Amino acid sequence: MSDPQFQKLIQSFSSLPGIGKKSATRIGFHILRMDPSTFQAWLSNIEEAKTKLRFCDECGGLTEDQVCSICLSERRDSSILCVVEQPEDIFFIENTKEYAGKYHVLNGAISPLDGIGPEQLRIRQLMRRLDEGNIKEVLIATNPTLEGDATASYLSTVIKPMEIKITRIAHGITIGGTLEYSDQYTLGKAIKSRLTL
């Protein structure tokens, strides 16, 4: 379809992460088929989220308030701090229901090629939180990428003198996966992260 207005719509959706041209086209047609009241409700939800949601002053996660409910919760373990790259990582970890500590969002990972060094991340705020003396363990949950590993290594180096336990999420083969379809990097990580049985 070559209609300029529709092409603009597709370009808008294609600019979102994980949305290719094919998906953007499907979404575009879906929106055009929506009845006006459903479309207005959909738009209203987006506008409301954009207006009301902000980033927590303490951890950097998503919240409607100055400080998020996880940071304020007395039922969470305040002695463990899970360090993640992005606010959405908190959502994925929370869905596992396996972690009950608190969080710290870096807002990225160290990537010299992209001009992102430690100064561009929320590492200063992390060190301030660690200086307060309540944290006994830092769980580094950066992505299993070169940038994520570089960030984890940097954090480990700067935190080590503070005598705080430093752990890293294990990386390896996906459950249900096979060695045949694992890339060299993932397989190498699985071997390095091996467990004693």
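## Basis of the model

The model is predicted, with local features needing pLDDT of at least 70 and side-chain atom pairs counting only at pLDDT 80 or more, while totals for chains, interfaces and linings use all residues. Residues are numbered from 1 along each chain as its sequence is written, and side-chain values use heavy atoms, with hydrogens and water left out.

Helices (DSSP runs of H or I, at least four residues) and strands (runs of E, at least two) are numbered from the N terminus. Two packed helices are described by the angle between their axes and the distance between the axes. Axes are lines fitted to C-alpha atoms, for helices over the stretch in contact, and angles run from 0 to 180 degrees between N-to-C directions.

Helix α1 (residues 4-14) and helix α2 (residues 21-33) have axes that come within 8 Å and cross at roughly 120°. This makes α1 oblique to α2; angles under 35 degrees count as roughly parallel, over 145 as roughly antiparallel, 65 to 115 as roughly perpendicular and the rest as oblique. The crossing is right-handed, that is, the near helix is turned clockwise from the far one by less than a right angle. Contact (heavy atoms within 4.5 Å) involves Phe6, Leu9, Ile10, Phe13 and Ser14 of α1, and on α2 Lys21, Ala24, Thr25, Ile27, Gly28, Phe29, Ile31 and Leu32. By class, the residues of this contact are 9 nonpolar, 3 polar and 1 charged. Ala, Val, Leu, Ile, Met, Phe, Trp, Tyr, Cys and Pro count as nonpolar, Asp, Glu, Lys and Arg as charged, and the others, Gly among them, as polar.

## Helix α6 and its surroundings

In helix α6 (residues 123-131), the buried residues (under 20% relative accessible area, with a 1.4 Å probe and protein chains only) are Ile123, Leu126, Met127, Arg129 and Leu130. Seen down the axis of α6, they fall within an arc of 160°, so they line one face of the helix; the arc is that of the directions from the helix axis to the C-beta atoms. Arg124 and Asp131, on the other side of α6, are exposed, a term for over 50% relative accessible area, with partly exposed in between.

The buried residues of α6 pack against β3 (77-84), β4 (101-105), β5 (137-140) and α7 (146-159). The axes of α6 and α7 are 12 Å apart, at an angle of about 35°. Ile123, Leu126, Met127 and Leu130 of α6 meet Tyr154, Leu155, Val158 and Ile159 of α7. This contact has 8 nonpolar, no polar and no charged residues. Gly133, which follows α6, has a positive phi near 90°.

Asp149 lies in helix α7 and is buried, at 17% relative accessible area. Leaving out residues up to four places away in sequence, Asp149 touches Asn143, Pro144, Arg168, His171, Tyr185 and Lys189.

Pro118, in the loop between β4 and α6, is also buried, at 19%.

## Loop residues with positive phi

Lys97, in the loop between α5 (87-96) and β4, has a phi near 60°, a positive value in a residue other than glycine. Lys97 is exposed, with a relative accessible area of 72%.

Glu163, in the loop between α7 and β6 (165-168), has a positive phi near 60°. Glu163 is exposed at 77% relative accessibility.
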